[in-house]
Each structure stands twice: as structure tokens, then as C-alpha cells.
Amino acid sequence: MRILSKLGLAAAAVTLVAAGTALPADALTVTQAKAAQTRLNKLGCTAGPVDGRIGAMTQAATVRFQSANVLSQSGALNSTTYSRLMATTAKRCDVRSVPRRSGSGRRIVISQTQNWVWLIDARGKVVRQGGIIDNPSYLRAGNYTSGAKCGRAARIRKNTDGASLYLNNFVRFAPCGIGFHQIPTYKSNGKQIHADWLLGTNYRASHGCIRVTASMSAAIWTFAAGATHVVVMR
């Protein structure tokens, strides 16, 4: 059997792409990669600069797109994902339907599969939504109510991990230390431990809490000022 060189393999892959029969993630041309990044950004997936390089930010955006479009969340721009991305039927990353069977009335709904959260008012209107990071091994699916748990305060504006981090706008909803909060920030300089664009993926994991953007944490702080129903779904 003849063994192709790396250059030969790459050329073969590009030939397949040109023929329209396959699109391996590592066979994207620069033009195709830029087109994908442009499309991801247009759909609110936050791919970052349109530079033709499929780096961590573009991969995270791809995961969010795959999540919103019910595809396997590989982060790879494979043929199925690329085709769906370029289709006119592609769904946006930043506006999603509330999961069915999440109940009714005023509530906060968390989808651990989508890494997403919705704030829903009493009329059933979504007033805010966005990406999250959590850890399903700590936080189980089910129904909760925000408030004090285990003798601990329901809300702490500047919570701490007991060491080097602040968990700003902490809103407790599950025993004993699980709540919503901004992506942790360093006490020393106020910087977040990771970027907002990692939200909506499993590229990081919390200790059970729901990490969100600073603005979303402020919205949840206001929304859950009193006891609020929280639905956690797989």
C-alpha cells in the first residue's frame, strides 16, 4: 500500500472538499474558515476575529452553534456542521426556545445539555437568556427555589470561595452552596478566571454553581430578589 506524505494527504483532503464529497475539520481552506467565522458571528455565536484560523474561540462558537442546532457538540467544523451552518435554516446561538416540559409561570430554566439559561416572567415571556457553565455531577436535574439554604444567606453581593476568588452577585437556589454568580474574579486584580466566550460550552466546569456573564448575574440578582422557581433540565 502506498503511503501518502503529509502534503499529499492535505492535497487529497482539499480535492475531496472541492469535489463536495467531504469536509474534514482539518481540511478547511482559509476562505472556508473565514466564511464559517463570519457566519458564526452573524448568528450570534461569537467566533471572534475573522482570520481563517480555527482556534479555541471559533471552536467554542462551533459548540454553541451545534448545541442550538441539535448537533453533536464536538466543536469541529465537520461536513454536517458546516453544511448546517451555511444553510438558510441555521438557528441562531443567542436566541433559543425554552425547553418543553420546563413548566409554566415565572421561573428560571437551566438546560445542562445546551449549557443555557432563560429568565421567564409570569406571562411566559423570556426576559433574558444566555450561556452558562455548570457541572452536572454536582447539580442534579430537578426543581428548586432560590433562597437561604443550610443556614446560609440567599444572596451575597460579593461572595468568596474562601481563598483568592470573588463570586459576584451570588444567588443561592440549591443546597448548600450552589447558586448563580458571575464568572469568578480574582481578588487581586478583578479579572475573570476565564473569558465570557467559554460560556455555553463544556470547556470549563464549575463546582456545581452556574457561572454567567457579569450582566447576566446582575439580571438574575434582580429577577430572583424573592423566592424564585428554578428548573434544572438535562
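Tutor: Asn-135 counts as buried, at 15% relative accessibility (buried means under 20% relative accessible area with a 1.4 Å probe, protein chains only). This is a predicted model, where local features need pLDDT of at least 70, side-chain atom pairs count only at pLDDT 80 or more, and totals for chains, interfaces and linings use all residues. Residues are numbered from 1 along each chain as its sequence is written, and side-chain values use heavy atoms, with hydrogens and water left out.

Student: Ok, where is Asn-135 found?

Tutor: In the loop between β3 (126-131) and β4 (142-145); strands here are DSSP E runs of at least two residues, helices H or I runs of at least four, numbered from the N terminus.

Student: And what is Asn-135 in contact with, leaving aside neighbours within four places in sequence?

Tutor: Ala-205, Ser-206 and Gly-208, with contact meaning heavy atoms within 4.5 Å.

Student: Switching to helices: at what angle do α2 and α4 pack?

Tutor: About 55°, with the axes of α2 (residues 30-42) and α4 (residues 79-86) 10 Å apart. Axes are lines fitted to C-alpha atoms over the stretch in contact, and angles run from 0 to 180 degrees between N-to-C directions. That makes α2 oblique to α4 (under 35 degrees is roughly parallel, over 145 roughly antiparallel, 65 to 115 roughly perpendicular, the rest oblique).

Student: Which residues in α2 meet α4?

Tutor: Gln-32, Ala-35, Ala-36, Arg-39 and Leu-40, which meet Tyr-82, Leu-85 and Met-86 in α4.

Student: How do α3 and α4 cross?

Tutor: At roughly 75°, with the axes coming within 11 Å, so α3 and α4 are roughly perpendicular. Thr-62, Phe-65 and Gln-66 in α3 meet Thr-81, Arg-84 and Leu-85 in α4.

Methods:
Buried < 20%, exposed > 50% of the residue type's maximum accessible area, 1.4 Å probe, protein only.
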